[in-house]
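I opened the model and kept notes as I went. My entries follow in the order I looked things up.

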Amino acid sequence: MSRKLLCARAVLANASKLVSFGSGSRESSIRLNFSEEIEESISDQISKELTAAYTYFAISSVFGNDTQALPGFHWLFDEFAKEELGHAKLWVDYLNIRGGKAKFKTVECVENEDWTPLKAVEKAIKMEKAMTWDLEKLRDLADKHCDYHFGKFVEDDFLTEQYDGLKKLGDLKTQIERVDDSFGLYMLDYNIFKKYKKKEKDE
Ligand SMILES: [Fe+2]
């Protein structure tokens, strides 16, 4: 079957679901070729973004404690948390643009670990790799439902930033591993903190 015909079928299937949308409440008047599968997956993605924000926030709090006193890493993980919150908001806004609705779910509690900079960055790399893979799957869903607008949104607003972010985390992991004493860690943290101060000044 040709791609054109497959897309026409997907669009018609999504259009026929318009009548059931809204579960008793007002129906969206702007919904067009927006599949329930994509709508559900976006709600799952919102939960993942919020879980990441919660985790980064927890890690940031540990580095801000006087027992660690690492202002650079404290700021960095705080920034990561804010970024993830921003992503969750982007998804919610996108659902509204497409006439969908967000379903908010329970956010998983983060383990209270005794975080070190290396453990925290390794955790961030693991989470961001999983997140990138989830985004790639969302991009595939766009093709499955011939939803070009959604596919472009995933690519433009998320995928490029994900890969750039992973590279920065990989670099940071190598830099932490290269540091072999407490003075080195102090200098690394200081340099991160300096970036924070510069950013604060520029704003
Ligand atoms: Fe994110």
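**Entry 1: Glu-128.** I started with Glu-128, which is buried because 20 other C-beta atoms lie within 10 Å. My cut-offs: buried means 20 or more other C-beta atoms within 10 Å of the residue's own, exposed means 12 or fewer, partly exposed is in between, and C-beta atoms are placed from the backbone. This is a predicted model, so I took local features only at pLDDT of at least 70 and side-chain atom pairs only at pLDDT 80 or more, while totals for chains, interfaces and linings use all residues. I number residues from 1 along each chain as its sequence is written.

Glu-128 sits in helix 4 (residues 117–144). Helices here are DSSP runs of H or I with at least four residues, strands are runs of E with at least two, and both are numbered from the N terminus. I then listed the contacts of Glu-128, leaving aside neighbours within four places in sequence: Gln-162, Gly-165, Leu-166 and Leu-169. Contact means that two C-beta atoms, placed from the backbone, lie within 7 Å.

**Entry 2: the annotated site.** Which residues does UniProt list for "binding site"? The unreviewed entry gives Glu-49, Glu-84, His-87, Glu-128 and Gln-162. They are spread over 114 residues of sequence, yet they cluster in space, with a largest C-alpha distance of 12.8 Å. UniProt positions follow the numbering used here, feature names are shortened, and annotations may be inferred rather than shown by experiment.

I checked Gln-162 next. Gln-162 lies in helix 5 (residues 148–178). Gln-162 has 18 other C-beta atoms within 10 Å, so I noted it as partly exposed. Not counting residues up to four places away in sequence, Gln-162 touches Glu-128, Met-131, Thr-132 and Leu-135.

**Entry 3: helix 5.** I compared the span of helix 5 with expectation. At 1.5 Å a residue, its 31 residues should span 45 Å, and the end C-alpha atoms are 44 Å apart, which agrees. The expected span is 1.5 Å times one less than the number of residues. Helix 5 bends by about 35 degrees at Glu-155. That bend is the angle between axes fitted to the seven residues ending there and the seven starting there. Phe-150, Val-154, Phe-158 and Leu-172 are buried in helix 5. The buried residues of helix 5 pack against helix 2 and helix 4.

**Entry 4: helix 2 and helix 4.** How do these two helices run relative to each other? Their axes come within 11 Å and cross at roughly 170 degrees. Axes are lines fitted to C-alpha atoms, for helices over the stretch in contact, and angles run from 0 to 180 degrees between N-to-C directions. Helix 2 and helix 4 are therefore roughly antiparallel. Angles over 145 degrees count as roughly antiparallel, under 35 as roughly parallel, 65 to 115 as roughly perpendicular, and the rest as oblique. On the helix 2 side I noted residues including Ser-41, Lys-48 and Ile-59; they meet a helix 4 set that includes Ala-120, Met-131 and Leu-141.

**Entry 5: two loop residues.** Most residues other than glycine have a negative phi. Asn-33 has a positive phi of about 45 degrees although it is not a glycine. Asn-33 lies in the loop between helix 1 (3–16) and helix 2 (36–63). Asn-33 is buried, with 20 other C-beta atoms within 10 Å.

Ala-69, also not a glycine, has a positive phi of about 45 degrees. Ala-69 is in the loop between helix 2 and helix 3 (71–97). Ala-69 counts as exposed, with 11 C-beta neighbours inside 10 Å.
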